Amino acid sequence: MSRPPHPDSWRNIVRDATRLGASRFAAPLVVVALMWVTFLAQQFFDPWIWGTFGIEQGVWLRPWTWVTSVFPHANLRHLLSNTPFMLILGLIVGAEGWRRWLGVTIWGLLGAGLLVTLLAPMNSITAGASGLVFTYFGYLIAVAITERTWRVKVLRIVVAAVLLSSYSYVIFSGFVSSGNMSWQGHLGGFLGGIAAAVIFEAREPESTLEARSRLHP
């Protein structure tokens, strides 16, 4: 006959789970929160915010805008369309740890910023989180191929298959020029996500791969 866990044990479990969740999921949630805060500020300070935070085509002396451009949105519909993807995909990537999330995000920002600066229409200013959405799409699909631990690979393949079956139209249509949609940011972010998957999995230490195998007997 077993005894019920001591109350202190439960408190330790809750405390550890809270710390783990905070370290993995706080950053994606903060990004989404900043998107909404920025949109509220736009109601009072636009077009200054759009022009200051957005990426200006052909201008290489404002590299910080490759980061800040994630937060402004053209209108409420634009923000509402990006928020669910940022939450779902950001939290999935965040579940791998904040360092991996940050690395993937940086590669996506670099890819999207580069292609928008190079290829966006003349004299345009581009902003919105969709480039980062496509970063996470690209990463989650590509990492299913680059993953070297087969037990983890199965899970990654399932995630990639669900994304492709559910959002294949969204992904592929995002690379087609249509209205004011920034296909350049989508493509650059997607390629940045693929690059992150290739680079980070190739650099994964053998000790980490062995630990993964032990955790998934």
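Predicted model: local features only at pLDDT ≥ 70, side-chain atom pairs only at ≥ 80, totals over all residues.
Ala197 sits in helix α8, residues 183-202, and, once its neighbours within four places in sequence are left aside, it is in contact with Tyr139, Ala142, Val143 and Thr146. From Ala197 to Ile145 the C-alpha to C-alpha distance is 8.8 Å, although the two are 52 residues apart in sequence.

Now to the aromatic residues, where the count comes to 8 aromatic pairs. In one of these, Phe85 and Tyr167, the ring centres are 5.2 Å apart and the planes stand at 75 degrees, so the pair is edge-to-face. Phe85 belongs to helix α4 (residues 76-94) and Tyr167 to helix α7 (residues 150-173), so this pair ties together parts that are 82 residues apart in sequence. Phe85 is buried, at 18% relative accessible area, whereas Tyr167, at 28%, counts as partly exposed.

Tyr167 also pairs with Phe137, with centres 6.0 Å apart and planes at 55 degrees, so that pair is tilted. Here the link runs from Phe137 in helix α6 (residues 130-146) to Tyr167 in helix α7, 30 residues apart; Phe137 is buried, with a relative accessible area of 0%. Phe85, Phe137 and Tyr167 are among the members of one aromatic cluster, which also includes Phe134, Phe175 and Phe190.

The Arg62 side chain does reach the backbone oxygen of Gly54, at 2.8 Å.

Notes: Residues numbered from 1 in each chain as written. Heavy atoms only, no water. Polar contact = N/O pair within 3.5 Å; in protein donor to acceptor, adjacent residues only side chain to side chain. Helix = DSSP H or I, 4+ residues; strand = E, 2+ residues; numbered from the N terminus. Contact = heavy atoms within 4.5 Å. Phe/Tyr/Trp six-rings, centres within 6.5 Å; stacked < 30°, edge-to-face > 60°. Buried < 20%, exposed > 50% of the residue type's maximum accessible area, 1.4 Å probe, protein only.
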